[in-house]
Amino acid sequence: MTNKAISICGELVETGHRLLQRVYYEDTDFSGLIYHARYLHFLERGRTDYLRCLGVEQSALLGIDDEGLVFVVHRMEIDFKSPARMDDVLEILTTTVKAGGAKMVLEQEIRRGEQLLIAAKVTIAVVNRLGRPRRLPEGLAAQFLTSSTQAPR
């Protein structure tokens, strides 16, 4: 067994971000399959830890200037391909497709090994602390775009 250090927030990879998560009993329904709404939790963890790995603290963004900056999910499209089961180890992949103006578009996948379980396209609105649209600062947009050089596998 190797002693390779693994970050609990995943890692930046050539396509964006990769996070491993295990399916626990609490994630499943009476059938032993993951409950469909729990996939939203795994996708959110992937997006949040992607920010962490980029060095972006969401709490600090609120105080970035007088306006503040907040990310909110505006739209989400999800294709459920195959179910996960208790004890499965899932790989959550997040890739930036667009970052600029007042929105970002991310593609996310949840895989079990090579098998695609979930494919999602997430549109994130960039708003100020009052919930009004604001531009994503160019430097921050560049961080997202340079971390994702190609779409997920």
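Visitor: Before anything else, what do buried, exposed and partly exposed mean here?
Guide: Buried means under 20% relative accessible area, exposed over 50%, and partly exposed in between, with a 1.4 Å probe and protein chains only. This is a predicted model, in which local features need pLDDT of at least 70, side-chain atom pairs count only at pLDDT 80 or more, and totals for chains, interfaces and linings use all residues. Residues are numbered from 1 along each chain as its sequence is written, and side-chain values use heavy atoms, with hydrogens and water left out.

Visitor: Where do the two partners sit?
Guide: Glu91 lies in strand β4 and Arg18 in strand β2, 73 residues apart, so the pair links distant parts of the chain. Strands (E, at least two residues) and helices (H or I, at least four) are DSSP runs, numbered from the N terminus. Glu91 counts as buried, at 9% relative accessibility. Glu11 joins Arg18 and Glu91 in a network of salt bridges.

Visitor: What does β4 pair with?
Guide: Strand β4 pairs in the antiparallel sense with β2 (residues 16-22) over 6 bridges, and with β5 (residues 103-112) over 9 bridges, also antiparallel. Pairing requires that DSSP finds at least two bridges between the strands. Leu20 has Glu91 as its bridge partner in β4, while Ala99 stands opposite Met104 in β5.

Visitor: Is β4 enclosed or open?
Guide: Strand β4 (residues 89-100) is largely enclosed by the rest of the structure, because 9 of its 12 residues are buried.

Visitor: Changing topic, which residues touch the most others in the largest nonpolar core?
Guide: Phe71, Ile110, Leu136 and Phe144 do, among the 30 residues of that core. A nonpolar core is a set of buried Ala, Val, Leu, Ile, Met, Phe, Trp, Tyr and Cys residues joined through side-chain atoms within 4.5 Å. β6 (115-127) gives the most to this core, with 6 residues.

Visitor: What does Phe144 contact?
Guide: Beyond neighbours within four places in sequence, Phe144 is in contact (heavy atoms within 4.5 Å) with Tyr50, Leu51, Leu54, Phe71, Thr96, Ala99 and Met104.

Methods
A salt bridge is a side-chain nitrogen of Lys or Arg within 4 Å of a carboxyl oxygen of Asp or Glu.
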